[in-house]
Amino acid sequence: MLFDLLQRWLEDGRGAPIRAAVVADAELWALNALNNALERCVSAAFDSDYQSLVEEARARLRARNGGAWPR
């Protein structure tokens, strides 16, 4: 799930979705390095049912932590 999030932020959005949250481009490069490391470890990312696996992981994490993030 973290891989999916970083992939959307960094690859699909070229960092735009989190640009306001970072102090320096070095932080984007650090997140990119983490994303690259996760990509090497997450073989499921290339499975045809990857999106359903991500959705299931999100649901489990929400349930385990009491539901939606507090607003």
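Q: Let's start with R19, where does it sit?
A: In this predicted model, R19 lies in the loop between α1, residues 2-12, and α2, residues 25-41.

Q: Is R19 buried, exposed or partly exposed there?
A: R19 counts as partly exposed, because its relative accessibility is 42%, which falls between the 20% cut-off for buried and the 50% cut-off for exposed.

Q: And what is R19 in contact with, leaving aside its neighbours within four places in sequence?
A: With those neighbours left aside, R19 is in contact with D25 and L28. With D25 there is also a polar contact, made between the two side chains at 2.5 Å.

Q: How far is R19 from R62?
A: Their C-alpha atoms are separated by 26 Å, and along the chain R19 and R62 are 43 residues apart.

Q: Switching to salt bridges, how many are there?
A: The count comes to 4 salt bridges.

Q: Which one does D4 make with R8, and where do the two lie?
A: The side chains of D4 and R8 meet in a salt bridge with an N to O distance of 2.7 Å. Both residues belong to helix α1, where they are 4 residues apart, or about one turn of the helix.

Q: What about D4 and R58?
A: D4 forms a salt bridge with R58 too, and the closest N and O atoms of that pair are 2.9 Å apart. D4 lies in helix α1 and R58 in helix α3, residues 50-64, so this pair ties together parts that are 54 residues apart in sequence.

Q: And E55, where does that come in?
A: The side chain of E55 meets that of R58 in a salt bridge, at 2.5 Å from N to O. E55 and R58 both lie in helix α3, 3 residues apart, which is about one turn of the helix, and E55 counts as partly exposed because its relative accessibility is 42%.

Q: OK, new topic: how long is α2?
A: Helix α2 has 17 residues and reaches 25 Å from its first C-alpha to its last, close to the 24 Å expected at 1.5 Å a residue.

Q: Which residues of α2 are buried, and where do they point?
A: The buried residues of α2 are L28, N32 and N35. Seen down the helix axis they fall within an arc of 60°, so they line one face of α2. These buried residues pack against α1.

Q: What does the face turned away from the buried side carry?
A: That face of α2 carries the exposed residues A26, W29, R40 and C41.

Q: Tell me more about N35, how buried is it and what does it touch?
A: N35, which is found in helix α2, counts as buried because its relative accessibility is 1%. Leaving aside neighbours within four places in sequence, N35 is in contact with F3, L6, Q7, L10 and E11.

Q: And what does L10 touch?
A: Not counting residues up to four places away in sequence, L10 touches G15, I18, L28, L31, N32 and N35.

Q: Which residues make up the largest nonpolar core?
A: The largest nonpolar core has 5 residues, namely L6, L10, I18, V22 and L28. In soluble globular proteins, nonpolar side chains tend to be buried together.

Q: Last helix, then: what span should α3 have, and what does it have?
A: At 1.5 Å a residue, the 15 residues of α3 should span 21 Å, and its end C-alpha atoms are 21 Å apart, which agrees.

Q: Which of its residues are buried, and what do they pack against?
A: The buried residues of α3 are Y50, V54 and A57. Seen down the axis of α3, they fall within an arc of 60°, so they line one face of the helix, and the buried residues of α3 pack against α1.

Q: What follows α3?
A: α3 is followed by G66, whose phi is positive, near 90°.

Definitions and conventions:
Residues are numbered from 1 along each chain as its sequence is written. This is a predicted model: local features need pLDDT of at least 70, side-chain atom pairs count only at pLDDT 80 or more; totals for chains, interfaces and linings use all residues. Side-chain values use heavy atoms; hydrogens and water are left out. Buried means under 20% relative accessible area, exposed over 50%, partly exposed in between (1.4 Å probe, protein chains only). Contact means heavy atoms within 4.5 Å. A polar contact is a pair of N or O atoms within 3.5 Å; within protein, one must be able to donate a hydrogen and the other to accept it, and residues adjacent in sequence count only if both atoms are side-chain atoms. The expected span of a helix is 1.5 Å times one less than its number of residues. The arc is that of the directions from the helix axis to the C-beta atoms. A nonpolar core is a set of buried Ala, Val, Leu, Ile, Met, Phe, Trp, Tyr and Cys residues joined through side-chain atoms within 4.5 Å.
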